[in-house]
Each structure stands twice: as structure tokens, then as C-alpha cells.
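Okay everyone, thanks for coming. Let me put the structure up, and then we'll walk through a few parts of it together.

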Amino acid sequence: MIGRVGGRGIIAAIFLAVGSLEACTVGPNFKPPPPPKVMAYERGGNALLPRMAGEPAQRLVVGQKIAANWWRLFGSPALDSVIRQALVGNPDLVAAVANLKAAREIANAAHGGVFPQIDAAAGIERQRQNYAAFGLKLPPSVFNTFSVGPMVSYSLDPFGKIRRLVEERRAEAEVRRYQLEMTYLALTGNIVSHVLIMASLNAQIEAEEGIVAEDERTLALVHKRADLGVATDTDIAKAEAQLAADRMALPPLQHQAGVTRHALSVLVGKVPAQWHPPKFTLTSLILPRALPVTLPSKLVHRRPDILAAEAELHAASAAIGVATASLYPDITLTGGFSQIALTTGKLFTSAGSIWSLGAGVTGPLFHGGALEAQKRAAEDNYAAALAIYRRTVLESFAQVANVLDGLRHDATLLGDARRALDAANRSLALERQDYMHGATSLLDLLDAERLRQRALVGYVRVSAQRYLDTSALFLAMGGGWWRKPE
């Protein structure tokens, strides 16, 4: 009786001692790095976007939140339909969702270690017992033993190794979560970019077709003047050469448009033979006028790539705690209850009941420096993750600065392109009129047509670049928040 009470007292003492250690979790407690102490993305502040007569004006709205479905600001139901199809069928997005689910289950598995582990065991043995070893003059006997019962083990985790492991696994799941956000953002951004490129190519094709039509009218005009005896065969050859040269500009543009359509079908998750996108044009899209700009102090909480780097840093911090706790002892409580009998018919009787209760302490004594090396490696990994986090923040701020700079130059360049096109149109009209009256040469007319061609294509490209840079700004700001239904 005394031994039994004493055993219970020992177990109680162990529980009390470990209870005082329960709150002792070694290793650093993670704190996110502070955002850079800047108020603007560029030196001198975020400059306003220029306003150009005859072109839609854009303005920066500092501090405004970005809509989750930011692409709808381009006013294209067809674009929204393509994105909705891609959110269902894109393979990268499906893989990212699966990776997130797997990471969360790994975290759940790690969290199971904080609870008691209960297992059931059953066994059968056939033994031969030699009683002579005990000094008994009995013949050897052969018999069977049957056993069944539960076993329980519980790590008290006095220094928080399991808790830090759970923290690490949950941080890794957060990494996967933000990687899913990054995949979603890249997918929607790529679709918008491909649609805008397709609209630009369609506009350029339309412009080139118009130029070819102008060349055909010019050739007809030259033939008419030749019939009147004013133009020569040389003039006809020059006009035909100009027409042939301008026609050569169409196939490369048409090929680029086909490549863009095929890339868009891959993003949607379809083979090109099974899916064809709608025809997008710049005139079917609306240029967003109000451009939200997130404050620098808030951007680190909005961009999924920064948040993924922060989660990686958190996981590296927790790994230091895991490695540190490995340097300290662990205490495990064990217990078991079994029914043992020589026949199955005598199982589950009081005579065959056996129970056990114990506590064990396991502490590292000598591992050849391996545990200390693991701790130092975890600390080095944290330093590397911190450097990667800082680089991600710097690159993000530089990306925003580049886009803002691009938008300002787009507005200025578009104004110049508009003036160049207007001037080229006037010059061509005058040259054609003068040529009809014999006041100028065919060479001057062809030069005017080439000038207008360059001005028109340049205007189309600059207009499309303004749309592309607007989309890039939404992406640089984090593209709004998205959560996939679970």
C-alpha cells in the first residue's frame, strides 16, 4: 500500500513540476519587421499624372483600396467572362489550392502532437517455459498467451518543442496561402495583359489594313494619272512597291495575335483547338480614370509576395525554437491497460487485468555537436529569410515606382503621339490634294503616307501601353484581396 501511494505521489509531483514548465517555450517569439519609414515611392513624392487635351485623364488616389475584381474597371464583360473561366480551369491555380490544403493538413498533423497519443494493441504468443531455470523440477510446458488493451503516451513538452513545430508548420501553411494569392494575382494579371496585347495587336492590324487601303487608293490614283499621261511607269512601280511593303507588315502582326490567343487559351485551361477568345479592341475597353495608390506603410500588408516572405521568416523563426528545445530534456508520461489470458475465453476478466503508469525523462548528453549545429543552422536560415524579405520589399517598392514613372511618361508620350498623328493626317491630305492637281511628286506623297503610317502605329502602341501600365499598377498594389471559398 505504501509503495502504491508513493508511486502516485511521484507521478503527481512530476505533473506539478512540469506544470510550472508548461509556459516555458524556448526560442524567439516572432515579430514582423516594421515597414520602411517612407511616405512615397519616388524621391520628391508621388507626382501627379499629366493631363493631355483630347485624351482621357487619369489621377492617382492615394490611400484608396483596390477592388478585388479590379479588372472590371476596364468595363469589359468579355474580359470578366474569360477570367471566370480561368479561375475554374487554370492548372496552376488548381495546383496552388491543393498545395495549400496539403500544408494545412501537415500543420494539423503537427498539432496532434500536443494531445495524448492513444493506441490499441492486441497480440498472441506461443511460449515454451523451462522451469529448471527457476530451480523447479517440473517438465517444460508450451502454452499460448493472448493480450489486448490500450496504451497512452503524452509528451509534456516542457520547453515547447512541439509547440514551436506547430508554429513552424502553420507558418509554412501561411506561405502556401500567400503563394495561392500570388498565383491568382499572376493569373488575372496575365489574362488582362494578354487581352490588352491582343487589343493592341488588333488595333495595329486594323491600322495596317487601313494603310494598305490607302496604298491601294494611291495606286489607283497613279494609274488614273498615268492614263492621262501625267504619271510614268516609274511612278506606278513606286506605288506598287509601297503597297507590297505595307502588306508585309500584316503577317507578323497576325502571327503575334495568334500566339497571344493561344497563350490565353492555356491560361484558361483549354487547348487552342477547343477554345477561342472573344475579339478584344481598345475601343471596347475603358481606361480606368481613378488609380488607387496604397501607402508604402500599407503595401507590406497588401502584396502577397511580401506576406509570403514574411511567413517564410516566421517559419524560420519557429525553426530556431524547435532546434533550441532539442537541447533540453523531454518528459513523457506513459500508461497502459491490458487483458492477458491463456485462452481467449478468459479475456476481459478481473484476473487478467494488468495496468502500468510511468514517466520518463530523455535528455541529450552527447551528439557530437549535431544539436548545436542544427540550432546555428536555423539561426543562419532566419538571417537568410530576413534578407530575402527585405529584398522582396525593396523590389516591390521599386516596381511601384517604375509603374508610376511609366504612367507619367505614357500620358506625355500619348499627347505627343496624338499631335504627331494629327499633323501627319493633315500633311497626307494636303499632299494627296496637291498630287491630284500635279503640284507635288509621287515621292512626296509616299513620304507623307509613310509618315502617317508611323504616326498611326505609334499612337496605337502608346495608347495600348497606357492600358498595360494601368493594369501593372493594380498588380503592383497587390490587386485587391481574394479568398477562395473553402
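Predicted model: local features only at pLDDT ≥ 70, side-chain atom pairs only at ≥ 80, totals over all residues.

Residues are numbered from 1 along each chain as its sequence is written, and side-chain values use heavy atoms, with hydrogens and water left out.

So, the sheet. Which strands form it, and in what order? There are 4 strands in an open sheet, running E2-E3-E5-E6 with antiparallel pairing. At the edges you find E2 (117-129) and E6 (353-362), each pairing on one side only. From one strand to the next, the twist averages 25 degrees; axes here are lines fitted to C-alpha atoms, for helices over the stretch in contact, and angles go from 0 to 180 degrees between N-to-C directions.

Now follow one residue across. Val 148 in E3 has Ala 122 opposite, and Val 148 also stands opposite Gln 339 in E5. E2 and E3 are joined by 13 bridges, while 8 bridges join E3 (residues 141-155) to E5 (residues 330-341).

On to helix H3, residues 91-111. At the start of H3, a side-chain oxygen of Asn 90 comes to within 3.1 Å of the backbone nitrogen of Asp 92.

Which residues of H3 are buried? Leu 93, Ala 96, Val 97, Leu 100, Ala 103, Ala 107 and Ala 110 are. They cover an arc of only 145 degrees around the axis, so they sit on the same side of H3; the arc is taken from the directions from the helix axis to the C-beta atoms. Pro 91, Lys 101, Glu 105 and Ala 109, on the other side, are exposed. Buried means under 20% relative accessible area, exposed means over 50%, and partly exposed is in between (1.4 Å probe, protein chains only). The cover over the buried residues includes H2 (77-89) and H4.

H5, residues 233-247, tells a similar kind of story. Its buried residues are Asp 235, Ile 236, Ala 239, Gln 242, Leu 243 and Asp 246. Their arc is only 125 degrees, which puts them on the same side of H5. Covering them are, among others, H4, H6 (250-268) and H10 (442-476).

Let's visit H4, residues 161-227, where His 223 is found. Why is His 223 called partly exposed? Because its relative accessibility is 33%. Leaving aside neighbours within four places in sequence, His 223 is in contact (heavy atoms within 4.5 Å) with Ile 236 and Glu 240.

Last stop: Arg 432, in H9 (residues 370-436). Its side chain makes a polar contact with the side chain of Glu 214, at 2.9 Å. A polar contact is a pair of N or O atoms within 3.5 Å; within protein, one must be able to donate a hydrogen and the other to accept it, and residues adjacent in sequence count only if both atoms are side-chain atoms.

Methods
Helix = DSSP H or I, 4+ residues; strand = E, 2+ residues; numbered from the N terminus. Pairing = 2+ DSSP bridges.
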